[in-house]
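Dear colleague,

Please find below the structure that I am handing over to you.

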Amino acid sequence: MRKLFTILSGLGVSALGSLAIAGHAVAANLEPWRMGLPEPVTPLAHQMANFHNYWLMPIITAITIFVLILLVYVCWRFRESANPVPSKTTHNSLLEVLWTGVPVLILVVMAFPSLKLLYATDEVEDSEMTVKIVGHQWYWEYQYPDNGNFFIEARIAATTEEEAKEQNVNRLMSTDEKFVLPANTKIRLQMTSADVLHNWSMSDFGVRMDTVPGRLNEAWTLIEKPGVYYGFCSELCGDAHAFMPIEVHVLPKEEFNAWAEQARTKYDPVEQARAPSVSQDVATSPAQAVE
Ligand SMILES: [Cu+2]
C-alpha cells in the first residue's frame, strides 16, 4: 500500500506528495522537483488544500485501486485456459443499478464541499483595502486606489540563466517591479484586462481568476504570512504568455504602510496608466450603444 502511494506521489497525484512539502516556509514553490500543492497561506488556500488532500485524493485513490483490482481479477479469473467456454450473460439489473447509483452518490458527496468552497471564493465581504490588477500583453499592472491611487507595471526580470544570475533573480519567475501587499489584511482584488484574456493565478493564495477586457472580476485574499510569492499568467494570451510572471511581496502591515507612503510619490498616478478604465470601456461598449 505504502509502495503504491510512493508511486502515485512520484506521478504528482498523491495527497501524500503535497503533504510532504507542506512543512516548507515562504516561496515553497521554488523548491526543485516540488510536487503537489504549494503551502497554503490564505484561508481559501487552506480550505482548497484540505478539500484536495482529505476528500478528493482519498476518493480518487480508492476508486483507482478498486478498478485496478477488478481488472487484474477479471484478467486472471476469466483467462482462456481457466475459462474455455465464456458465459453469454449480458445483463444484470442489480449490478447496473449499482454502477450507476454509486458514482452518482460519490459525485453528490463531492459536490457539497465543492460548491461551499466555490461560494467562499466568490464572496468579497468586509474587505479592508482594494487593489486593481490589469492584464496586458505581456505584463501586469497593479493599481492602489486606497493608497494614493498610483500604479505599478511589473515586467519579467530575466528570461535566460545568464540574466537571472547577473541580477540574482529567479529566471522566468521574478519581475522588475514588485506587487506589494500587506499581510493579515482582507484585500479585495479587482481584475480586468487592457487587451486579451489573461489569468492572474497565485496557487499559494488559492486565487486563479481570468482578467477579461471590459469586465471587472472580483476575488479576495487574506495572506497570513509575509514573504515572497510567485505565480503566472494562466490563460493563453499570445506570443509572450509564458513571460508575464507574478511576484508578490507580502509585508507586515506597518511595513506596507511605510512602503505605500513612499510608493505614492515614486510611482505615477493611475490617470497616467495605459489601460482605459473599466467605466470608460462600459460607456463606449457596443452593447450600450444598442440600448
Ligand atoms: Cu497573459
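I begin with one of the sheets. Strands β6 (residues 198–202) and β9 (residues 227–233) are antiparallel and are joined by two bridges. Please bear in mind throughout that this is a predicted model. Within this pair, Ser 201 has Phe 232 of β9 as its bridge partner. On β7, the bridge partner of Ser 201 is Arg 208. The pairing of β6 with β7 is also antiparallel, and it extends over five bridges.

Strand β9 is in turn joined to strand β10 (residues 246–251) by five bridges, with the two strands running antiparallel. Here Tyr 230 is found opposite Glu 247 of β10.

Taken together, these strands belong to an open sheet of five, ordered β4-β10-β9-β6-β7, in which the pairing is mixed. At its edges are β4 (179–182) and β7 (207–211), each of which pairs on one side only. From one strand to the next, the twist averages 25°. Helix α6 packs on this sheet, where it touches β4 and β10, and its direction makes about 135° with that of β4.

Two further points concern helix α6 itself. Its 14 residues (253–266) should span 20 Å at 1.5 Å a residue, and the C-alpha atoms at its ends are 19 Å apart, which agrees. Is this helix largely in the open or largely buried? The number of buried residues among its 14 is one, so α6 lies largely in the open.

Strand β5 (residues 187–193) runs antiparallel to β8 and is joined to β8 by five bridges. In this pair, Gln 190 stands opposite Glu 218 of β8.

Although Ala 154 and Ile 246 are 92 residues apart along the chain, their C-alpha atoms are separated by 7.8 Å.

Ala 164 is part of helix α5 (residues 161–167). Ala 164 counts as partly exposed, because it has 17 C-beta neighbours inside 10 Å. Apart from neighbours within four places in sequence, Ala 164 is in contact with Ala 158, Val 169, Asn 170 and Arg 171. The C-alpha atoms of Ala 164 and Ser 174, which are 10 residues apart along the chain, are separated by 8.8 Å.

I turn next to a pair of helices. How do α3 and α4 run relative to each other? The axes of α3 (residues 43–77) and α4 (residues 93–122) come within 11 Å and cross at roughly 170°. Angles over 145 degrees count as roughly antiparallel, and α3 and α4 are therefore roughly antiparallel to each other. On the α3 side, the contact is made by Leu 44, Gln 47, Met 48, Phe 51, Trp 55, Leu 56 and Ile 59. On the α4 side, the residues are Ile 106, Met 110, Pro 113, Leu 117, Ala 120 and Thr 121.

For the protein overall, there are eight helices and 10 strands. Of its 291 residues, 26% count as buried. Among contacts with a separation of 6 or more, 65% are between residues 24 or more positions apart.

Lastly, a word on confidence. The mean pLDDT of the protein is 85, and 84% of the residues reach 70 or more. Over residues 1–26 the pLDDT stays under 50, and the model has 31 contacts beyond four places in sequence for them. Residues 277–291 also have a pLDDT below 50, and this stretch has eight contacts in the model beyond near neighbours in sequence. Where pLDDT is low, predicted coordinates should not be read in detail.

With kind regards

Methods. Residues are numbered from 1 along each chain as its sequence is written. This is a predicted model: local features need pLDDT of at least 70, side-chain atom pairs count only at pLDDT 80 or more; totals for chains, interfaces and linings use all residues. Helices (H or I, at least four residues) and strands (E, at least two) are DSSP runs, numbered from the N terminus. The expected span of a helix is 1.5 Å times one less than its number of residues. A residue is buried if 20 or more other C-beta atoms lie within 10 Å of its own, exposed if 12 or fewer, and partly exposed in between; C-beta atoms are placed from the backbone. Two strands pair if DSSP finds at least two bridges between them. Axes are lines fitted to C-alpha atoms, for helices over the stretch in contact, and angles run from 0 to 180 degrees between N-to-C directions. Two residues are in contact if their C-beta atoms, placed from the backbone, lie within 7 Å. pLDDT is the predictor's confidence in each residue, from 0 to 100. Angles under 35 degrees count as roughly parallel, over 145 as roughly antiparallel, 65 to 115 as roughly perpendicular and the rest as oblique.
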